[in-house]
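Subject: Structure handover

Hello,

Here is the structure for you to take over. My notes on it follow below.

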Amino acid sequence: MTSDNRSLSQNWKERIELIGKRNFEIMEMIRLKFLSDKDVAGLEDIQNEIESKLPLIEEINKEIGEIRTELKTLTDVDAQIAEIRKARIAEVKVKRELRNKLKSEQLALKLTAWNKQKSENPTFLGPNVSSKLNFMGLNSSKLGSNTQPLIETYSQLADELGVEPKTLTWLSYSRTTATTDHYLRFAIPKRNGGHRIISTPKSQLKDVQSVIKSKFLDHLIESENATAFKKNASILKNAKCHQNSKVVVRIDLKDFFPSINFFRVRGFFESLGHNSGIASVLALLTTDAPRKKIVIDGKTYFTQTSVHGLPQGTCTSPKLANLIAKNLDKRLNGLATKLPENWSYTRYADDLVFSTKADKSDVNRLLKACKKIVSDEGFQVNDKKTKVMRNPNKMIVTGLLINDRIRIPRKQLRIVRSFLHNCKEKGVKEISDLIGKDALLVAKGYLSFIKMVQPEVALSLEHKNDWIVSNKK
């Protein structure tokens, strides 16, 4: 037997894998003649069948190999899933960062646009006062006839008032509760009891109100019946209108300044030709809501206690009061002249005065008609202060006697003389400390008032109290 025939095939391992170890051994035994023909006779069919099945076995083994390869890749599924999850998390993070960046940019654009809108066309300046913030349009012919600045937008108004739009918003914004108050408030006693609240604007608001007065109000003319808060007006001129009358009726308006509220002031500026937005801002700058100072946890707050009205203590309130009451004066004067008694009528701030020289007069008719007109015009009569005075009884108008000649009541002169005497005897410093104000300035004020009404009395007092004149303070 040659070595070639008896040597083991080089691909014996592959053969074993294909046909199996047992079949390989049998076939090798047949090939090497370890089995006789008799032994082989029963195995030839089996060998032939095995040989015929070899291609199929090879195909199956090939598929098995591929499956094994796939299984090898599947052994690291968790790692692959972790990698996929990591990649997806990174992708989501990038997308989120891009989305947040886009959102921030959009928010910044919106904020810029909103700030621009607030500076050029604010839509809200506080609760209950922002319903008509429309800065579109202007009535140029009406503004011209009323000698008003031709302004339409918020920024134009800021320029006219000499402030930045941001400052204008700060001054005009109405807050129910604020940490800043644009006014200094203090109470002064009323002549007949009680107290009157004086609201003095702080510097920035005061400057703006001065501009409003000079550019928007000063050239407008009040009624001739108004005898207060205008050039050359005085209580003396008011009293002279009713001198030597037979009957004088004095009527007081209740809460005169506060009753001229924000809406009436806004309506007045609209009547001049301004659009509702400009009128609203001007009204906010010239009205004020009464406030109460409270302290919570060491922090000071100013809380609104009532609606906006004309404050007493500003340069704009007197003029606005006269202008807004102009129609009231017109109607009351019309009533006075139409009645048979031919009444004379004047108004000194909230003090309405009617007088007649007729021997007989129907005062009740006058009072009833007057009260109706006052109510129609948005005011209210203070019935407790209504007074009817008849000659020859004492008749006083704006603090002055008017029966035969205009003079200061004796009681008031006695008070002045007593004050001057105390200053002379005890010294100005002691009296100043006692009353809490400069006694010299008070004395000079008294003399100035007396000189306006009764110059001869003032001259006599000056001679007796030369310390007033000699003091140069």
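Of the 473 residues in the protein chain, 36% count as buried (under 20% relative accessible area; exposed is over 50%, partly exposed in between; 1.4 Å probe, protein chains only). This is a predicted model, where local features need pLDDT of at least 70, side-chain atom pairs count only at pLDDT 80 or more, and totals for chains, interfaces and linings use all residues. Residues are numbered from 1 along each chain as its sequence is written, and side-chain values use heavy atoms, with hydrogens and water left out.

The chain has 22 helices and 11 strands (DSSP runs numbered from the N terminus: helices are H or I, at least four residues; strands are E, at least two).

Now the salt bridges. The structure holds 15 of them (a side-chain nitrogen of Lys or Arg within 4 Å of a carboxyl oxygen of Asp or Glu). One joins the side chains of K319 and E222, at 3.2 Å from N to O. K319 sits in helix 15 and E222 in the loop between helix 10 and helix 11, so this pair ties together parts 97 residues apart in sequence. Both K319 and E222 are buried.

K372 and D376 pair at 2.9 Å, N to O. They are four residues apart in helix 17, about one helical turn. D376 is partly exposed, at 41% relative accessible area.

E462 and K451 meet at 3.3 Å, N to O. E462 is in helix 21 and K451 in helix 20, so the bridge links parts 11 residues apart in sequence. Elsewhere, bridges with shared partners join R331, K372, D376 and E377 into one network.

Best wishes
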